[in-house]
Amino acid sequence: AKRRTKVIVDVREFRSALPSMLHLRGMEVVPVTLEVGDYILSPHMCVERKSISDLFQSFASGRLFQQVEAMVRFYRQAVLLIEFDESKPFYSVEKLAADISAGSITSKLTLLTLHFPTLKIMWMRSPHATA
C-alpha cells in the first residue's frame, strides 16, 4: 500500500480552504494546535501561511518577526508562504493602514530575509495553487 503524505496542520488553519484541498489531494491532514508555524511538512520543514492582509498586520504588530524567529530556531527549513488573490489588486488590501506603502512592505520583507537568510519565501496566487 502506498504511504500517504502526512501534513500536520494548525487547527486555526481550518478556517482557510487549504487543509481540505490537501486532503482532497490524498494527503493525511493531522489537526494539531501548533506553537510554531501553520503546517509541518516533515520533522525539518515548517510553513507559516499568510494572506496579504495578515502579512500587513503581522508586520505591523511585530508578530511575523517572532514567528519566523521561532521557525528558524526549531526547523532546518522555514518557509513563509504568502497567498494572494490574483483577482484583487495587490496593494488595495482594504486600505489596512494608511502608512503602509508598497515600498515599506518590500523593505520589511527584505529586512526579514537579511535577518533570517535561511528563510524561504513563496508567493502563491491562491489556496488551490498552494495545494
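Which residue in strand 6 does leucine 80 stand opposite? Keep that one in mind, everyone, and let's walk towards it together. One thing before we start: this is a predicted model.

Let me begin with the overall layout. The protein chain has 131 residues, and its secondary structure comes to five helices and six strands. If you read from the N terminus, the elements go β-α-β-β-β-α-α-β-α-β-α.

The six strands make an open sheet, and their order across it is 2-1-3-4-5-6, with mixed pairing. Who sits at the edges? Those places go to strand 2, residues 28-32, and strand 6, residues 120-124. Each of these has a single partner strand, so one of its sides is left without a neighbour in the sheet. From one strand to the next, the twist averages 25°.

Next, please look at strand 4 and strand 5 on the screen. Strand 4 covers residues 45-51 and strand 5 covers residues 77-83, and the two pair in the parallel sense over seven bridges.

On to strand 6: strand 5 runs parallel to it, and five bridges join the two. There, leucine 80 stands opposite isoleucine 121. So is strand 5 mostly covered or mostly open? Mostly covered: six of its seven residues are buried.

What about the helices around this part of the sheet? Helix 2, residues 52-61, packs on the sheet and touches strand 4, strand 5 and strand 6. Its direction makes about 100° with that of strand 4. Helix 3, residues 63-74, lies across strand 4 and strand 5, and it runs at about 165° to strand 4.

Let me finish with some figures for the chain as a whole. Buried residues account for 36% of the protein chain. The accessible surface comes to about 8100 Å², and carbon and sulfur atoms hold 56% of that. Finally, take the contacts between residues at least 6 apart in sequence: 65% of them join residues at least 24 apart.

How values were computed:
Residues numbered from 1 in each chain as written. Predicted model: local features only at pLDDT ≥ 70, side-chain atom pairs only at ≥ 80, totals over all residues. Heavy atoms only, no water. Pairing = 2+ DSSP bridges. Helix = DSSP H or I, 4+ residues; strand = E, 2+ residues; numbered from the N terminus. Axes fitted to C-alpha atoms, helices over the stretch in contact; angles between N-to-C directions. Contact = heavy atoms within 4.5 Å. Buried < 20%, exposed > 50% of the residue type's maximum accessible area, 1.4 Å probe, protein only. Areas by Shrake-Rupley, 256 points an atom, 1.4 Å probe, with all protein chains shown as cover.
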